[in-house]
Amino acid sequence: MEQLFGQLEKESAQFQQTSGLGCVSGCGKCCSYPHIEASPLEFLPWAFHLFLIGEAEQVLDTLNSNPRSNCFLFQPLSVEGHGHCGSYPYRGLICRLFGFGATRDKYGSLRLATCKIIREGQAENYKTVSEAIAQGLYVPVFTDYYMLLNQIDYQLGSKIVPVNKALKLALEEVLQYYSYRPLPDADIQCV
């Protein structure tokens, strides 16, 4: 997972630099959307991190009693959707791709998957980048990365559920795994 995320970070940084597109600082609007879906596999590094610092069970209990449908990791700063990820280094694949990745339409053409704030606030740049993508500018593609995710673990990677359920399943997977195995070396760091 860490290698996959590292590869995507490099590609996303290159795309951002080439495109000039960028998120508005402190926005968080996409994280406040209540219908984000993800796979449990993309949150295993987060769950493992919580396990290593002894917080996995407590966070799972909190998640189980959480009535919110928007992402549990989102830390709002205002009611307008401003905020940030409370666990940015361990954010999921969907979080890493949105805004700087593309999907394919029914004709197989790449379409930048980004928010209304970027599309409208950076309209001229967005249009230029969209045309460049159509002409072959490299952009990370959602399906390519999710296929790579599935190759790591098909069962956990292909299960797409609401984001908070994905977080719960990742925590449960890590807790179950270590319930019958020796504890990992405390010096292990996952990023």
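The following dialogue explains how to read several features of a predicted model.

Trainee: On what basis are the residues and values given?

Mentor: Residues are numbered from 1 along each chain as its sequence is written, and side-chain values use heavy atoms, with hydrogens and water left out. Since the model is predicted, local features need pLDDT of at least 70 and side-chain atom pairs count only at pLDDT 80 or more, while totals for chains, interfaces and linings use all residues.

Trainee: How many residues does the largest nonpolar core have, and which have the most contacts inside it?

Mentor: A nonpolar core is a set of buried Ala, Val, Leu, Ile, Met, Phe, Trp, Tyr and Cys residues joined through side-chain atoms within 4.5 Å. Buried means under 20% relative accessible area, exposed over 50%, and partly exposed in between, with a 1.4 Å probe and protein chains only. Here the largest core has 42 residues, and Phe43, Trp46, Leu93, Leu167 and Leu171 have the most contacts inside it.

Trainee: Which elements give two or more residues to this core?

Mentor: Helices (H or I, at least four residues) and strands (E, at least two) are DSSP runs, numbered from the N terminus. The contributing elements are α1 (2-19), α2 (44-52), α3 (56-64), α4 (93-97), α7 (142-152) and α9 (163-179). Helix α9 supplies the largest share, nine residues. A second, separate core of 10 residues includes Phe15, Leu112, Ile133 and Val139.

Trainee: Where does leucine 171 lie, and what does it touch?

Mentor: Contact means heavy atoms within 4.5 Å. Leucine 171 lies in helix α9 and counts as buried, at 0% relative accessibility. Leaving aside residues up to four places away in sequence, Leu171 touches Trp46, Ala47, Leu50, Ala56, Val59, Leu60 and Leu63. Leucine 171 and phenylalanine 43 are 128 residues apart in sequence, yet 8.3 Å apart in space, C-alpha to C-alpha.

Trainee: Why is α2 described as largely enclosed by the rest of the structure?

Mentor: Seven of the nine residues of α2 are buried, so the helix is largely enclosed. These are Leu44, Pro45, Trp46, Ala47, Phe48, Leu50 and Phe51. They pack against α1, α3, α8 (154-158) and α9. Just after α2, glycine 54 takes a positive phi of about 75°.

Trainee: What describes a pair of aromatic rings?

Mentor: Such a pair is described by the distance of the centres and the angle of the planes. Rings of Phe, Tyr and Trp (its six-membered ring) pair if their centres lie within 6.5 Å; planes under 30 degrees apart count as stacked, over 60 as edge-to-face and the rest as tilted. The structure holds three aromatic pairs. In one of them, the rings of phenylalanine 51 and tyrosine 178 have centres 4.8 Å apart and planes at 15°, so this pair is stacked. Phenylalanine 51 lies in α2 and tyrosine 178 in α9, so the pair ties together parts 127 residues apart in sequence. Both residues of this pair, Phe51 and Tyr178, are buried. Ring pairs link Phe48, Phe51, Tyr177 and Tyr178 into a cluster.

Trainee: How is the pairing of strands β4 and β5 to be read?

Mentor: Two strands pair if DSSP finds at least two bridges between them. Strands β4 (residues 101-104) and β5 (residues 110-113) pair in the antiparallel sense over four bridges. Arginine 104 has leucine 110, in β5, as its bridge partner. The two strands, β4 and β5, form a hairpin with five residues between them, and glycine 108 in the turn has a positive phi of about 85°.
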